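Please keep the sequence and the structure in view while reading.

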Amino acid sequence: MYKYDTYDQAIVDARVEEFRDQVKRRLSGEMSEDQFKPLRLMNGLYLQLHAYMLRVAIPYGTLDSRQMRMLAHIARKYDRDYGHFTTRQNIQYNWIKLEDAPDLLAELATVEMHAIQTSGNCIRNISSDQYAGAAADEVADPRPWAELLRQWSTFHPEFSYLPRKFKIAVIASPEDRAAMRLHDIGIELVKRDGVLGARVFVGGGMGRTPMIAPEIKDFVTADNLLSYVEACLRVYNRYGRRDNIYKARIKILVHELGAAEYARQVEEEFAHVKTLGLDPPAAELERISAFFAAPTFDVALPDAVDTSDPDFAVWLDQNVKPHKQPSYAIVNISLKPNGGIPGDASSAQIDLMADLAEKFSFDELRVTHAQNIVLPHVAKRDLYTIWQALDQAGLASPNLDLISDIIACPGLDYCSLANARSIPIAQKIAKRFENLDRQRDLGELKLKISGCINACGHHHAGHIGILGVDRKGTENYQLSLGGSGAEDVSLGKITGPGFDEDGIVDAIERVTDRYIALRESNERFLDTYRRVGFEPFKEAIYG
């Protein structure tokens, strides 16, 4: 993984000291909250319902054991002994004291971490495939390109005050594990006639007006990719709405101009940008790529696994995925225990995951946009030992991609923007479907919950999606069906009137019962829904 050089470290250290002075002035009363707000947001510090929340960047979801242990330390020292892993491959702490924030950031800086550009109208954390470097289907490791974009976008003078926040995802596999087309810019690395390049999608996003990004460029060579992305941003920065926050995202611009006209303007700008020499020289890309060289795999290791322990066998089947090396595997650690809060992990659990990564996964971990953790390079001979350790720590729920592997935002329990709670709904649904045999019989079923229209819980992309709304002072929950954030991307359709807290759980059960009755052999919920259509499910829900 990428390691800071002296320039990287100097930038982060300087930002910490700058923020330390700003906090000092705020606490002394020299600076008002209105003056302080944009400064704290530039450093990832939000004021939530009960306390400050700090969002720490985990670039493209990759970190090592040293950094993971620091996250555990921060949870113990500055929070309430836990952290919340997010749908943007970051981590949030919900109980931060303002006076502690500079010291916290200084400690993060000692392990090459920060909270820069985790908020504000700028280019946010670059996200990527959590299986990057391990997946057998990738044409290249996308992380060097994600890192290049991170360096380019950090403190970019032209894009620090965009019309609205901006999110970029980079993948390199035909299977989309990063919801790439639901980003402002989605990049899929591909090869054409042996040449590495990218398909570029622009104008996706969720929130109040969900849209799937159309393809803007079917192929741009890798050595021109940075210039092309710059051109995409320049057109947006020039014409994006600044008079209406609800129409400020690039998806609105692309929709109003039309994809063809937007693409034409980008091509025009691209021709100019290419003359500026923004794309890195080959030596610089080689320097960055060297940090992501594949580990030294032992190809002589056995690839057979003893599955005589039935509980281990279930976990192996559900949570462990194939690796490009036959004697290794990709381990998914579920942060969705029955009755737990999706994405939360205690400091002890974070430390354990760090220990396992250091010992068994070439010192590497990944955060997924589904709020789980990945050990990307595990020798198959070590899988049983890892499972035992995870099981003892409450981290071995064998529910990856099942109905209890719920994505959920913090909702009204923490967030000042939320209209309804998300966490209790997730817990009630998990409790209703706690029988693992039942979950596995239902198969892949991605359920996602947002506590407000901002869609931090990705409800638009859920096979089953839930949106919390405020209906005359009462929490109400809308149900949607048929969404997907994968390569078969689609937006869910609202079923009709909403439900109260217990009613939404009952409605989901009616949906799954109807699915069982209608499905054909080996057919996923999403496939059944697409085959039979909306009406049979609506009838089951409302009678």
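Which strands each supply at least two residues of the lining of the second largest pocket? They are β11 (320-322) and β12 (328-333); strands (E, at least two residues) and helices (H or I, at least four residues) are DSSP runs, numbered from the N terminus. The model is a predicted one, in which local features need pLDDT of at least 70 and side-chain atom pairs count only at pLDDT 80 or more, while totals for chains, interfaces and linings use all residues. Residues are numbered from 1 along each chain as its sequence is written, and side-chain values use heavy atoms, with hydrogens and water left out.

**The pocket**

The second largest pocket has a volume of about 640 Å³. On a 1 Å grid over the protein atoms alone, a pocket is an open set of points where a 1.4 Å probe fits, with protein on both sides within 12 Å along at least five of seven lines; lining residues have an atom within 4 Å of a point. The volume is the space filled by probe spheres set on the points. Among the 32 lining residues, Gln130, Glu175, Arg177, Asp401 and Lys446 are the closest to the centre.

**The strands**

β11 and β12 also belong to an open sheet of five strands, ordered β3-β14-β15-β12-β11, with antiparallel pairing. Two strands pair if DSSP finds at least two bridges between them. β3 (62-63) and β11 each have a single partner strand, so one side of each lacks a neighbour in the sheet.

|---|---|---|
| β14 (365-367) and β15 (373-379) | two | Arg366 and Val374 |
| β1 (45-47) and β2 (52-56) | three | Leu45 and Leu54 |

β1 and β2 form a hairpin with four residues between them. In β2, five of five residues are buried, that is, under 20% relative accessible area (1.4 Å probe, protein chains only). Tyr52, Leu54 and Val56 point one way from β2, and Met53 and Arg55 point the other way.

**A helix and a loop**

Helix α3 (residues 65-78) has 14 residues and should span 20 Å at 1.5 Å a residue, which agrees with the 20 Å between its end C-alpha atoms. The expected span is 1.5 Å times one less than the number of residues. Asp64 caps the N-terminal end of α3, with a side-chain oxygen 3.3 Å from the backbone nitrogen of Arg66.

His114 is found in the loop between α4 (101-109) and β6 (127-128). His114 counts as buried because its relative accessibility is 12%.

Note on methods
A polar contact is a pair of N or O atoms within 3.5 Å; within protein, one must be able to donate a hydrogen and the other to accept it, and residues adjacent in sequence count only if both atoms are side-chain atoms. Buried means under 20% relative accessible area, exposed over 50%, partly exposed in between (1.4 Å probe, protein chains only).
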